[in-house]
Number of protein chains: 6
Amino acid sequence: MSSSVSRPSGRAADALRTIRITRRYTKHAEGSVLIECGDTKVICTASVLEKVPGHVKGTGGGWLTAEYGMLPRATHTRGEREAARGKQSGRTQEIQRLIGRSLRAVVDLSKLGERTIHIDCDVIQADGGTRTASITGAYVAVHDAVEWLVKEGKLPASVIREPVAAVSVGIYQGVPVLDLDYAEDSACDTDMNVVMTGSGGIIEVQGTAEGAPFSRAELEALLNLAQAGIAQLVAKQQAAIKE
Amino acid sequence: MSSSVSRPSGRAADALRTIRITRRYTKHAEGSVLIECGDTKVICTASVLEKVPGHVKGTGGGWLTAEYGMLPRATHTRGEREAARGKQSGRTQEIQRLIGRSLRAVVDLSKLGERTIHIDCDVIQADGGTRTASITGAYVAVHDAVEWLVKEGKLPASVIREPVAAVSVGIYQGVPVLDLDYAEDSACDTDMNVVMTGSGGIIEVQGTAEGAPFSRAELEALLNLAQAGIAQLVAKQQAAIKE
Amino acid sequence: MSSSVSRPSGRAADALRTIRITRRYTKHAEGSVLIECGDTKVICTASVLEKVPGHVKGTGGGWLTAEYGMLPRATHTRGEREAARGKQSGRTQEIQRLIGRSLRAVVDLSKLGERTIHIDCDVIQADGGTRTASITGAYVAVHDAVEWLVKEGKLPASVIREPVAAVSVGIYQGVPVLDLDYAEDSACDTDMNVVMTGSGGIIEVQGTAEGAPFSRAELEALLNLAQAGIAQLVAKQQAAIKE
Amino acid sequence: MSSSVSRPSGRAADALRTIRITRRYTKHAEGSVLIECGDTKVICTASVLEKVPGHVKGTGGGWLTAEYGMLPRATHTRGEREAARGKQSGRTQEIQRLIGRSLRAVVDLSKLGERTIHIDCDVIQADGGTRTASITGAYVAVHDAVEWLVKEGKLPASVIREPVAAVSVGIYQGVPVLDLDYAEDSACDTDMNVVMTGSGGIIEVQGTAEGAPFSRAELEALLNLAQAGIAQLVAKQQAAIKE
Amino acid sequence: MSSSVSRPSGRAADALRTIRITRRYTKHAEGSVLIECGDTKVICTASVLEKVPGHVKGTGGGWLTAEYGMLPRATHTRGEREAARGKQSGRTQEIQRLIGRSLRAVVDLSKLGERTIHIDCDVIQADGGTRTASITGAYVAVHDAVEWLVKEGKLPASVIREPVAAVSVGIYQGVPVLDLDYAEDSACDTDMNVVMTGSGGIIEVQGTAEGAPFSRAELEALLNLAQAGIAQLVAKQQAAIKE
Amino acid sequence: MSSSVSRPSGRAADALRTIRITRRYTKHAEGSVLIECGDTKVICTASVLEKVPGHVKGTGGGWLTAEYGMLPRATHTRGEREAARGKQSGRTQEIQRLIGRSLRAVVDLSKLGERTIHIDCDVIQADGGTRTASITGAYVAVHDAVEWLVKEGKLPASVIREPVAAVSVGIYQGVPVLDLDYAEDSACDTDMNVVMTGSGGIIEVQGTAEGAPFSRAELEALLNLAQAGIAQLVAKQQAAIKE
């Protein structure tokens, strides 16, 4: 399917951007990862907090939550600093809720103890796909934080069920393509973010027609691309973890 | 597929709740609709404002946006009033962004003139599916507001391309079912909201695994249910508009 | 006194608008009422919460409070949504404080137990007199919530001392008139809201000269009108409660 | 009527507290007044701003508005600083709206030119009656600001129609009394604030039953006391202005 | 050094403005002081609160904090009321943090007991140097509050180590001068605030080049001026306390 | 002076940490620098915006402003995200005001044209001295942004007068030391931040006694250390710029 499109990046329709995962990127967090998907760069940290929010207290289990931010000049033109504006945008809230849901789906919170894993994903350079890069990177940070908990003797064993990763797909110039960069994202008709586990289960599908509606057949093609891409991302995560 | 599940409501797996659409529900708005999907009741108004936001000014075109709210006691237990708390929740922002995107997909904004259609969806009683009911009801309100513009001589013809409606589907006790009510929604594993046009184009697909991940086969089954359900909803809209 | 004025509505100077009180309007709240005063429509709910604010804790008694809101397009032109703006207006706060004071005046909080009755008054259509309609409707909602507490065995007997209702009066074209609708309200010189109990005690009098100051004689005439109107409103409340 | 009550202050039932009005209290404002009503002390300034809010622009007329505040330790126990808390209380907003309405009632805004008189009333010591002292003091500040406008040649003549002053009255131990101080205010059943003009016209009446409802007869008695008290306050204002 | 400059006020380069300290200025606060430095007038109150912030709880010691505000028309042109705007400016926060640090430096918090001294500095008229006047005045208010604690038997002895006072210095028309008023402050190149104890220890030095950078020699000259000025201010504080 | 102190880092009393300045660190900003001072790492970007704030409009000149932030887990324990909390702390505001003032002191804004240089300093890892590292790094970012303006033909020549850099000094275990890291900063008695130009002019001196007050002699020693340190920092900046 993929041969005829001319992507701005020169990539094949089913090609991911170059992925780099740097563990222990900053020194304070229990898990700290720099993930680079092409020119998109996100610092993902996982902090272990010995407290839980009110709705979890007394359940014996733990919690995992996520926050997302973007440095004001991570983008082509400077965006307003959310801390200065006094509130997070709807987009920011959507993204951080998605990151949290995605990671909760692969962590057995009932065995985490009464503590919270707090993920922070901060985009230092944006070139499309910041929310999916955040999820893919956050998984490695959470892995490292859980490993730290085990090493410290705070958990008897890992509470992670399986890996999770995410990628965007879209229809660019009529052709389904994998892993949109900014140039493609801003020009494509349909944009879909897919979150899947290492074993191929779907955690989240969010597809949006930016211009013309899309068909079931296009949806199928996009899901196929995403599935193959996520398999590659999970392999990259596993490789990084083994280092 | 649907015969073996026992839904709390006694409905068949592929059955919608009773839908009622009341036009001209309140007297001031250019379009005003009460939509009832079973016990979920939403007032949807479409207001015509003779102004546009900054990013549209000077383009010659118009804009459409949406806001969503819920009366504090629309739900089983009283929720905090967002106006008193001083901010809208992330959930509210996600929903109102979804409503806006869905309706913009079927309105030709370039022909609307320099004006805004402002949708307000206010839930007065909630029993699951408030966001999809909002979209389905908002379409009728927008239709009436556009018809008003035409009658007033402010537009030469309708700027609506086709109808749009939305429904939720989910996997309840292992069985894909259509149009979740609250009892099902709070107990189901996977929840998906689908927005489609009258001609069957997909505008938005948002599927989330609340518990276990879901498979491609399940995704297909859910999409089939949604497609059939939306066709019925569009028929209800058309019938209401003809009254 | 009332014969010579020509009210936009055609009503006599001492005539109320048509009043309709619908109990059990929504299904979740312990008390839920739709009150319609002409074209003004307000949903009043009374929620029973098993907690009290800090200043009441440990006193053995309970509390009653109220919040007020207006759907953005309840009015001729769309008003900004307070939740989106991030704060309630001064007008909203004045009104909700008035509703709370008025209802507290007829409920024996010392016998309510350590719980709160939380009133929500949400205007779905506005045509003048929304705050007085809110008080009149909220009384019935509170009545139903207290009755529910008695039925559930949480209270041995009702804690309501007597009914309370409210009405606006004003000087329109030089003539004192009862129960102002929007057309009158926006054109009248003096506007007064009166809250009284079923036995004729005054709970609150708020009279404001919008244009020219008013005299003691005019004040007396307005109070007479209000007193007669409130007696009728209390009768309507009693009739609704008996249904 | 007044002889039998024993007021904490030892005053007769119809006696005002000692009133002192100091003009030109601070040096920057066009009008600046310290008003002392017994131990209640309020700085009232009137600032002339050469701009008007949006709803007045282009009407040819001007505007008058008011803000109210209280130093945190103006009261027996320290109150939270509203600037630190990030919002004004409902009480503050009610009071500043009342001050604005009261002063607008005696200023001919249509002749003020496209400018705003901005009143600030800041309580530096509170002992009951801060809102009524604010109105009485603000009148003198506005007078001085208007006089300044005339002196500067910005207005051909004063735009003030007549004086305005305010006082509280209440039922203390069953007896109607004038000008409540804090000890009385916190113990009385009914509290009423009355705003009247120099010629005896009523601008605002706000009576509230704190405990038991009050009767028409009590209301009359309170209004009589207020009317006599306001006449004395207006005389004090006139004396201060003549100095 | 000081003879050749012509200051707007006519003062010598090393001359303070007239200082007046009025104790017991308002009646409710445990310490209440009006400090006047020329035309700059600040009400400083010290309130004793029988509670401490979270980070102090359980340490056995107490806390001291400060808030700062300015009446809107304390200045030449009316400033926005911070309570109405909904947040304190960066300048306000800087100043109140400085006041708190300065006073904490001379109070032995470990012996205060589990209570807080809450300082409020409110500028009622501004003519330069409001932050340094606040510190100098706050010291006397804190002194009085601590004396009250001793008199009430809540503390066995004073917990104040020594006095603290503050003054501004700057380079005006090339000459170092003491105690800048507004006319000098707005025209000077370098502005420095110095906080020192009665025994000459430095608590805080904040020097800022508004225009051209300043040299070490200028810095020395400014510190000399400040040191002499603060000695005079401490003498004024001691005289006031002895009254 | 420096020999006898045993610093946690093993550095001599007058030794800076290792400084690394990486230009063009992110790709979108006109100037983008990563500055590392030991384990303190700050991304400093300078964005050119073709607009100015209101108080500069029409003056013909430009503006320079700065914002500062810290990733939540830049520190030992996770700090609250300011964007989530809805406001910037007083500390953040103090720092960003200091950065802005420091850079404005060396840029000739009158020749910048009607545009703004907007600096963003975001700490990705904190180990003491984040504000001074921000200033030192921001200078290089501003240099690059101005160079970009010249290259683009938007400015005829650089508008930077001279370099500016900053360092912290303090008294640690009784000994004045240069460039405090976190371990020293949290244990030292006196902390001073000094901002100086390349030619040795002082822009800002902010010295605070955290515990005991400090003497004039100590202040002199600290200034000497700072002066020598800043000379080295300016040399590092110049070396980086020449690369």
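This is a predicted model: local features need pLDDT of at least 70, side-chain atom pairs count only at pLDDT 80 or more; totals for chains, interfaces and linings use all residues.
Chain C and chain F do not touch either, with their nearest C-alpha atoms 12 Å apart.

## Interface of chains F and A

Chain F contributes 37 residues to its contact with chain A, and chain A contributes 37 residues. About 2,900 Å² is buried between chain F and chain A, 49% of it on carbon and sulfur atoms; buried area is the accessible area (1.4 Å probe) lost by two parts on being put together, summed over both.

Across this interface 14 salt bridges are found, a salt bridge being a side-chain nitrogen of Lys or Arg within 4 Å of a carboxyl oxygen of Asp or Glu. The side chains of F:Arg73 and A:Glu30 form a salt bridge at 2.7 Å, N to O.

## Helix packing in chain E

In chain E, helix α2 (residues 90-104) packs on helix α3 (residues 130-151) at about 40 degrees, with 10 Å between the axes. The contact involves residues including E:Ile95 and E:Leu98 of α2(E) and E:Ile135 and E:Ala138 of α3(E).

## Basis of the values

Local features need pLDDT of at least 70 and side-chain atom pairs pLDDT 80 or more, whereas totals for chains, interfaces and linings use all residues. Side-chain values use heavy atoms, without hydrogens and water; residues are numbered from 1 along each chain as its sequence is written, and chains are lettered from A in the order in which they are written.

Terms used:
Axes are lines fitted to C-alpha atoms, for helices over the stretch in contact, and angles run from 0 to 180 degrees between N-to-C directions. Helices (H or I, at least four residues) and strands (E, at least two) are DSSP runs, numbered from the N terminus. Contact means heavy atoms within 4.5 Å.
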